[in-house]
Amino acid sequence: HLPPGDLDRLVMTAASDGIFAADMAAGRILIANPALAAITGYAVETLAHAPLDLFVPAAGDGGDPWDFRPEMLSRPGLHDDVRLRRADGGAFHATLTVGHPIERADLAVCVVRDATQLRLVQRELVAKHLALHEAFADLEARNRELMNLSTRLSLVSKRAALAEMFAGAAHGLNNPLAAAMSSGRLLRAL
């Protein structure tokens, strides 16, 4: 059996999601795990006791309404698509889950999951959806064109059949008529 403190450290170091605990009254990070360091690019030592403003994206970065703000930690639950600042100054998208220990409402325990890959996949899906929509519209246009050609071909086919019928009738009339005219010429000659 592990002592509770060792178990807590084991959970913090083994977790694949970033985890940090924050003192909301002081506006500081109390502890952070290695996964958070890997996600943000800050060293674990830099994160410990750093101000929460460390995660606020740069102001000149567009002022996204989903930018991390320390006051978010006062609202427990899932905060989806939050932008946090990395050590290199860039921002990344994450899901931020906030919980408060029952005995300490001024503390927040937060789980950070990098959503950058998810956003890239979503963008790729949207691009593929748009391409598929365009291909479908093109297919519908070609189908309408094919239907028009089919209608025209059917009309031409009917006209050709009618012309063939009239040609057969004319041929049927011309043969006896030619024979009668030939006989009439023969009679006149006699």
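This is a predicted model: local features need pLDDT of at least 70, side-chain atom pairs count only at pLDDT 80 or more; totals for chains, interfaces and linings use all residues.
1. The residues concerned are Asp-8, Val-11, Met-12, Ile-19, Phe-20, Ala-21, Ile-31 and Val-109. Helix α1 (4-14) and strand β1 (18-23) are the elements that each give two or more residues to this lining. The space in the pocket comes to about 180 Å³.

2. Leu-10 belongs to helix α1, and its relative accessibility of 45% makes it partly exposed.

3. On to charges: the structure has seven salt bridges. One of them joins the side chains of Asp-17 and Arg-113, at 2.6 Å from N to O. Asp-17 sits in the loop between α1 and β1, and Arg-113 in strand β5 (residues 107-114), so this pair links parts 96 residues apart in sequence. Asp-17 is buried at 17% relative accessible area, while Arg-113 is partly exposed at 47%.

4. Another salt bridge pairs Arg-83 with Asp-67 (2.7 Å, N to O). Arg-83 is in strand β3 (residues 77-85) and Asp-67 in the loop between α3 (44-47) and β3, so parts 16 residues apart in sequence are tied together. Arg-83 is buried, with 9% relative accessible area, and Asp-67 is buried at 9%.

5. Lastly, Arg-142 and Asp-138 form a salt bridge at 3.2 Å, N to O. They are about one helical turn apart, because four residues separate them in helix α4 (residues 116-189). Arg-142 is exposed at 55% relative accessibility, whereas Asp-138 is partly exposed at 40%.

Key. Residues are numbered from 1 along each chain as its sequence is written. Side-chain values use heavy atoms; hydrogens and water are left out. On a 1 Å grid over the protein atoms alone, a cavity is a set of points where a 1.4 Å probe fits but cannot get out, and a pocket is an open set with protein on both sides within 12 Å along at least five of seven lines; lining residues have an atom within 4 Å of a point. Grid points are joined across faces, edges and corners, and a volume is the space filled by probe spheres set on the points. Buried means under 20% relative accessible area, exposed over 50%, partly exposed in between (1.4 Å probe, protein chains only). A salt bridge is a side-chain nitrogen of Lys or Arg within 4 Å of a carboxyl oxygen of Asp or Glu.
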